[in-house]
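Colleague: Could you take a close look at one part of this model for me? I would like to see how it is put together and what surrounds it.

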Amino acid sequence: MEFKEIYCSRCKKVIGRYNIKFYNEDKIAELMKTNHVTHVRNGHEIEIRKFVKN
Ligand SMILES: [Zn+2]
């Protein structure tokens, strides 16, 4: 299974992991504006990376 992992380099932690089967780019962008907006608003550097788990 493939996931999109949202990592905050300021907090040094993964703040979300989403199965790409259910979350496309738009959906992830939406989550950045809702669930994870505090990081973005505080100027934290967010990295979206691929995470594969079998
Ligand atoms: Zn953060």
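How many strands does the open sheet have, in what order do they lie, and is the pairing parallel or antiparallel?

Modeller: Happy to. One caution to begin with: this is a predicted model, in which local features need pLDDT of at least 70 and side-chain atom pairs count only at pLDDT 80 or more, while totals for chains, interfaces and linings use all residues. Residues are numbered from 1 along each chain as its sequence is written.

Now to your question: the open sheet has three strands, ordered E2-E1-E3, and the pairing is antiparallel. Strand E2 (13-19) and E3 stand at the edges with a single partner strand each, so one side of each has no neighbour in the sheet. On average, neighbouring strands are turned by 25° against each other, direction ignored (axes are lines fitted to C-alpha atoms, and angles run from 0 to 180 degrees between N-to-C directions). Helices (H or I, at least four residues) and strands (E, at least two) are DSSP runs numbered from the N terminus, and two strands pair if DSSP finds at least two bridges between them.

Let's follow one of those pairings. Strand E1 (residues 2-8) runs antiparallel to E3, with seven bridges between them. Glu2 faces Val52 in E3, and Lys4 has Lys50 of E3 as its bridge partner.

Ile20 leads back to Glu2 and Lys4. Ile20 sits in the loop between E2 and helix H1 (25-33), and it touches Glu2, Phe3 and Lys4, leaving aside residues up to four places away in sequence (contact means C-beta atoms within 7 Å). Because Ile20 has 15 C-beta neighbours inside 10 Å, it counts as partly exposed. Asn42 is 22 residues from Ile20 along the chain, and their C-alpha atoms are separated by 27 Å.

To set the sheet in its chain: there are two helices and three strands, in the pattern β-β-α-α-β along the sequence. The radius of gyration is 11 Å, close to the 10 Å from the globule rule for 54 residues, so the chain is as compact as a globular protein of that length (the radius is taken over C-alpha atoms, and the rule is 2.2 Å times the number of residues to the power 0.38). Even so, 2% of the 54 residues count as buried.

Definitions and conventions
A residue is buried if 20 or more other C-beta atoms lie within 10 Å of its own, exposed if 12 or fewer, and partly exposed in between; C-beta atoms are placed from the backbone. Two residues are in contact if their C-beta atoms, placed from the backbone, lie within 7 Å.
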